[in-house]
Amino acid sequence: MSNRILVTGGTGYIGSHTVVELMQQGYDVVIADNLSNSNIEVLDGIEAIVGRRPDFVNVDCLDYVNFGRLFTDYPNIAGVIHFAASKAVGESVEKPLLYYRNNVGSLVNLLELMNKNDVHNIVFSSSCTVYGQPDAAHLPVDEAAPIQPALSPYGNTKQINEDIIRDEAHATPDLHATILRYFNPIGAHPSAKIGELPNGVPNNLLPFVTQTAAGLRPMLRVFGNDYNTPDGSCIRDYIYVVDLAKAHVKAIDRMLKHKAQDQVEVFNLGTGRGLSVLEIVNEFIKVTGVEIPYEIVGRREGDIEQVWANPAKANQVLGWKADTPTADVLLSAWNWEKHLRKIDD
């Protein structure tokens, strides 16, 4: 049986870490990425860690003809992990049509091409944003929590794509899907060879923290301190990206070994612990010894007040757990930033 896995968006942040984990477990990986939000040099980092280079095709998933050619050039794909998407909440509020075109259109193309080429397994990169702002009765959030109206076009694309996958699975009995709902990935590979590399001003908290620590940003902006939380800042479930990547390997293993109980399975991926923005900032200062100047600014449209996972299902069914200490995760992010900026201790 083929062990070739197609990873769309595989030079991105979560994608690149997942490619490393797949290759270290013996999978043959081909990456499809248009490099719109990543850098080709990520392949060098992957090769430095693993000792070999994944195959790479520079293609936009919206380009049906050229994306389809990949399936011809790389036959016998055993499964797909679909990361390729636009992902900034704030940008999605400003540019909703861009997000609907990119995120929904790319999945539709992928599912059509999988069907045409007899590829039957997909792991979909979803998000805890599908739960919106859960009420207190559903915190921590398990997979049975109600899906709430999305607070951003980005979140809505995740909901729409989950529905598309279910509809396609209903119409295509051979299709098996695992939907992984992430909470908030942070950190970098312990080698400091790959990590989060945002284009322009970061949209995620930790790259903004590390760039401020490195002197690239004069000040960290904390969006709101008037939320109904202990310190007034938003609470998230921050999960180490390497732990998150390993869950994808578990999901692929489960499907390829025909252990899935349902045609479409859903798992929440988180630590089970909520930390506030200010707690992350203060913990970073503590473990690195680097001060972070910050200012409180107004709330950001589309942000959720507080959400964290109940990962019991993933722990039990996938045999997976996110248990890397927060201090180690924050240090990994700082080591990656120092590697990028050539900062000596």
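## Arg 341 and Glu 337

Arg 341 pairs with Glu 337 in a salt bridge (a side-chain nitrogen of Lys or Arg within 4 Å of a carboxyl oxygen of Asp or Glu), with 2.6 Å between the closest N and O atoms. The two residues are separated by about one helical turn, because they are four residues apart in helix H11 (residues 326-341); helices (H or I, at least four residues) and strands (E, at least two) are DSSP runs, numbered from the N terminus.

Arg 341 is partly exposed, at 34% relative accessible area, whereas Glu 337 is buried, at 3%. Buried means under 20% relative accessible area, exposed over 50%, and partly exposed in between (1.4 Å probe, protein chains only).

## Basis of the model

The model is predicted: local features need pLDDT of at least 70, side-chain atom pairs count only at pLDDT 80 or more, and totals for chains, interfaces and linings use all residues. Residues are numbered from 1 along each chain as its sequence is written, and side-chain values use heavy atoms, leaving out hydrogens and water.

Glu 162 and Arg 181 form a salt bridge at 2.6 Å, N to O. Glu 162 belongs to helix H6 (residues 153-171) and Arg 181 to strand S6 (residues 176-182), so this pair ties together parts 19 residues apart in sequence. Both Glu 162 and Arg 181 are buried.

Asp 28 and Arg 4 are joined by a salt bridge at 3.4 Å, N to O. This pair links distant parts of the chain, 24 residues apart: Asp 28 in strand S2 (residues 28-33) and Arg 4 in strand S1 (residues 4-8). Asp 28 is partly exposed at 29% relative accessibility, while Arg 4 is buried at 19%.

## Whole structure

The whole structure contains 10 salt bridges. A network of salt bridges links Asp 44, Glu 47 and Arg 53.
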